Amino acid sequence: MLKAELNRRALLTAMATLPLAACAHRVGTGSAGDLSVATFNIWHDAGGQWPARRALLVAALREADADVIALQEVLEDSKKGLPNQADTLARDLGYPQVHFVAPEPEGSPKRYGNAILTRLPVIEVARRKLEPLSDYRTAIRVRVQTASGPVDIVATHLAWQPEAAAVRAEQLADLLAWLPRDGVPLVVTGDFNAPLDDPGLSAMGRPRFVSALLQGAAETTLNPARGHKPRVIDHIFADAAAFAVSGARVIGDTPADGEYPSDHFGVAARLTRR
């Protein structure tokens with residue numbers, strides 16, 4: 001009973017603070033060379049509880065206090081009267097920059113894709129539809145200015161079928177070939193729909209990348225309460241030559257009154273420039 005009451009109070013507090021944004025421009029609690037990153041698949045408007053889940057997402061992301069947030073399964077649907085969910089969360093959290101990519105052209109009544117929110121200065125933004133185009137997957141790259149120089153942050157969401165390792169490999173090959181080769185450090189985030197040992201993710205291993213969540217560091221980023229088998233499929237991959245991982249954790253894995261932020265949990269990491 002006490003736990004339920006505490007959860008209820010936490011939800012009410014999160015909802016009450018939705019308009020507050022003044023503190024969101026902090027660089028974070030680490031050193032000047034640190035970069036904090038979070039990724040969260042927000043499950044579009046599924047489950048019929050978007051207002052409650054929105055408050056829980058805001059609470060989890062505010063607590064993560066990330067410089068850059070990557071979101072997947074972001075929906076905007078004019079027929080439902082649903083504004084772009086990334087814009088909504090950016091406004092709730094006070095992030096001044098939000099950038100979105102979807103397979104559908106801008107201005108379409110319904111768009112579904114990936115987004116990046118940041119409180120850091122943005123240098124440039126690029127978007128891509130990933131090969132094979134038949135899978136309707138996208139990636140977005142936002143180059144941000146950090147205290148240690150520019151960094152490219154990428155958000156993506158790969159093929160979901162367990163047997164689709166070859167498709168995921170093709171999507172990642174297309175993504176990596178598209179990225180600039182100018183020496184700017186890279187962080188690739190998102191819902192990869194596969195654990196670290198999936199053959200389709202081999203391009204994201206060493207020596208080029210390090211996973212913020214090491215193998216076995218978390219039980220799952222899929223929410224078992226939503227019927228998912230436990231698997232860690234949401235990842236933050238950092239440029240191993242440029243960053244050391246100084247901390248990483250799962251976020252948004254605690255319910256309030258039986259409701260969770262999403263059918264996924266998020267991942268937050270702090271990266272330190274070498």
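Some ground rules. This is a predicted model, where local features need pLDDT of at least 70 and side-chain atom pairs count only at pLDDT 80 or more, while totals for chains, interfaces and linings use all residues. Residues are numbered from 1 along each chain as its sequence is written, and side-chain values use heavy atoms, with hydrogens and water left out.

Back to asparagine 114, which sits in strand β4. Helices (H or I, at least four residues) and strands (E, at least two) are DSSP runs, numbered from the N terminus. Asparagine 114 counts as buried because its relative accessibility is 2%; buried means under 20% relative accessible area, with a 1.4 Å probe and protein chains only. Leaving aside residues up to four places away in sequence, asparagine 114 touches, among others, Glu73, His99, Thr138 and His157, contact being heavy atoms within 4.5 Å. Glutamate 73 is 41 residues away in sequence, yet 6.2 Å away C-alpha to C-alpha.

Now helix α3, residues 85-93. Seven of its nine residues are buried, including Leu89 and Leu93. The elements covering those buried residues include α2, β2, β3 and β4. At the N-terminal end, asparagine 84 caps α3, with a side-chain oxygen 2.9 Å from the backbone nitrogen of alanine 86. After α3 comes glycine 94, with a positive phi near 80°.

Note on methods. Buried < 20%, exposed > 50% of the residue type's maximum accessible area, 1.4 Å probe, protein only. Polar contact = N/O pair within 3.5 Å; in protein donor to acceptor, adjacent residues only side chain to side chain.
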